[in-house]
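Here is a short tour of a structure, with a look at its ligand site and its chain contact. Take a moment with the view below before reading on.

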Amino acid sequence: MLKKADTSAIWAIVASLVLFFIGGLMTTVVPPMVDKSWGQPFANADKSKGPTGHLRRLNGLELAGRAVYVREGCWYCHTQQIRTLLADTKRYGWKGVDAPISTPDEFVYDSPHMFGTKRTGPDLARIGGRYDTQWHRTHFRNPRDLVKGSIMPAFPWLFTNKVDLTGYFAEADVIAQKAAATKDPALVEQAALAADLKAKLGPQAANLTEFDAMVAYLQTLGRAKDWREANDYEK
Amino acid sequence: MQEQFSRAEAGSAGTGAIVHEDLTVKWFMLSSISYFFIVGIIALVIAAKFVWPDLMGTTSWLTYGRMRPLHVNGMLFGWLLAADMGLTFYIVPRLCGVKLWSEKLGVATGILWNIIILGAVVSLLAGRNKGWEYAELETPLSVLVVVAWLMFTANILMTVAKRKYQAMYVSIWYFMGCLLWTAFVYLTGNFATMFTTGVNQANLNWMYVHNAVGLIFTPVGLGIAYYFIPRASNTPLFSHKLSMVGFWSLAFVYVWTGAHHMLHGPISQWLQTIAIAFSVMLLIPVWAVVYNLLITMKGQWHQLRDRVELKFLMSGVIFYLLTCFQGPMHSLRTVNAIVSKTDWIPGHAHMAVLGAFSFFAVAGTYYAAPRIFGKNLFSTALANWSYWMIMIGGLGFFVTLWLGGFWQGWQWNDVSIPFIKTVIALKPIWTVRFVSGVMIFAGIVMFAYNIMATALGPQSESAA
Ligand code: HEM
């Protein structure tokens, strides 16, 4: 049958596309339809089913930090996934507590996804809460001051580049109005996040750098699952 | 049937009167070797940063995180794909016994491609990165890629449609497959991803990343190898049947394997198992192709001594065989648990894109350049030197990274070793990689200089 493709270009084209689409559809369109957890945010209140907690969206400052993470290519050296291997759960655990395995429902708000492929540096899936701001400040100024032998680049410009949240807060006001009108849970959550952030930052909001945004983002990583003390930093 | 193939292969004998303008080929060839050289410098810089992390470290646009995507995109799209497109423009009219459908459209495609690559250089250094591997380019640039690809596709398909010989040689199937699959694979990786998040998006991204190699660079690279090996050695292809087995099994099997990039990761187990099963099945198309090409050379191996194209082609075939043996093996869960996320992976990736497919493209360029410019190759000795430099540098690069990566993974699996110790342990490995990179780069310079000197050198009567 495929012999026909020797002499007929149309035949060759049709046959190669049909074969391609069988696998293409089966591996891209079908899986999210079969596995609902790919699109369902993590939420668990039952201790017997594993770690409790829920996945929240990121606020404007954290999103700005995430954008810097994407821009600076941190993801070429750092993964964000605790795999189903002891080597991962033990290595990235905390004071004897194993790091929970990453599940699809912890990533539903991520775009672009930051799973990564290469661990030139350690995995960051559960980095949130591990180090305080001071640690990160020294580390981003020059990693080798803190960790001898590190090959992570220094990122001095994060301390001078400003982050402007006025646009975010203006948008949040619109969202708050819509949220009040529609009671859409997604909008309500976003409005609440913005209000919290505004209250927390106060006058500081006018004076933020990309470093502040980056730390805010890093501290959220891996915290949907309640698996360790909130601010028990390593010195 | 077989007769027609050998006639198509014999090329000029059958075509007689046709004079190929090859303007498009010249555009693609000269721009691709320029990017090979320029992006080669970037490659050295990022390899050096593993050894001297403070090198050029305080300027944002020279940081590792911006140079690496420039290296990857520059090499894949600026060098390799452009070189492959140029060679497709060279081969298809010759196999079809007609002129290229439209040289004007071809040259326009070449110019557009250069605009895209230059745009990529500026935007990537400025940190404008979409955040998906191999799909970093900003949306306007990826739209231009699609436009350029459609122009390329139209030109090649129209040439095939107007062909003089009805029977199509294997290379033509591979090129047509590449044209069509690429279109869908590229759209998935660059546009469908926009409408998804999280694991769903990652799944589409890996489908693209994997098939960028498997359904773009593999078919066009094999098309080139299938054409130039019989051509350069003046030997007919061993088996037409076997080439069919190779092509059609590739068409079916390759696309299923994307999820093997997320083994043990947060993606459905059943999908991981499917990806593993199909990764192992990939041995079928690979062995069919490699056997066919190796047997074609039976009794002709002595020709490697004085034909540099054949040196590159046959080494490329061997690297292809090794890469595609390594791939299925490290898709197995036990092996994957050691080597995934380590330096083994760049060792593997470079054997494919540098070892196999760049070797095919370099060989094709060495073969085609004297013919399209109507000159003699500037220097055969220099060409041989370029082969040995890239070959030895390449082996140094691949082998040290496999050993180093395996050792790194082994250390990670012992959780009593702090992470930073595993970084320090790899420094000698990264030093050897840098030195091998310098050798590869020296080979690239010799190659690029040789082709440029051929293009600009004096006219000769003997070549053509
Ligand atoms: C002078 C020779 C070269 C050197 C020194 C070099 C160096 C590097 C380095 C240091 C990386 C980063 C690896 C990591 O993340 O740890 C890399 C990645 C990469 N390079 Fe090269 N490279 C060279 C040639 C090439 C060529 C010729 C190509 C393609 C035609 C290429 C394609 C790639 C790709 C696709 C990646 C990403 C690999 C992945 O996804 O794991 N490189 N290279």
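**The ligand site and the A–B contact**

An oxygen atom of the ligand is 3.3 Å from an N or O atom in the side chain of Glu133(B), a polar contact (a pair of N or O atoms within 3.5 Å). The model is predicted: local features need pLDDT of at least 70, side-chain atom pairs count only at pLDDT 80 or more, and totals for chains, interfaces and linings use all residues. Residues are numbered from 1 along each chain as written, chains are lettered from A and ligands numbered from 1 in written order, and side-chain values use heavy atoms, leaving out hydrogens and water.

**Around the ligand**
- The ligand is surrounded by 25 residues, with Lys118(A), Arg68(B), His71(B), Tyr134(B) and His350(B) the closest; a residue counts if one of its heavy atoms lies within 4 Å.
- Chains A and B both surround the ligand, so the site is shared between chains.
- A ligand nitrogen lies 2.7 Å from a side-chain N or O atom of His71(B), and a ligand oxygen lies 3.2 Å from one of Tyr134(B).
- Seven residues, the largest share of the shell, come from α14(B), a helix (DSSP run of H or I, at least four residues, numbered from the N terminus).

**Between the chains**
- The contact (heavy atoms within 4.5 Å) takes 84 residues from chain B and 73 residues from chain A.
- There are three salt bridges between chain B and chain A, each a side-chain nitrogen of Lys or Arg within 4 Å of a carboxyl oxygen of Asp or Glu.
- Asp54(B) and Arg144(A) form a salt bridge, with their closest N and O atoms 2.8 Å apart.

Notes. Polar contact = N/O pair within 3.5 Å; in protein donor to acceptor, adjacent residues only side chain to side chain. Helix = DSSP H or I, 4+ residues; strand = E, 2+ residues; numbered from the N terminus.
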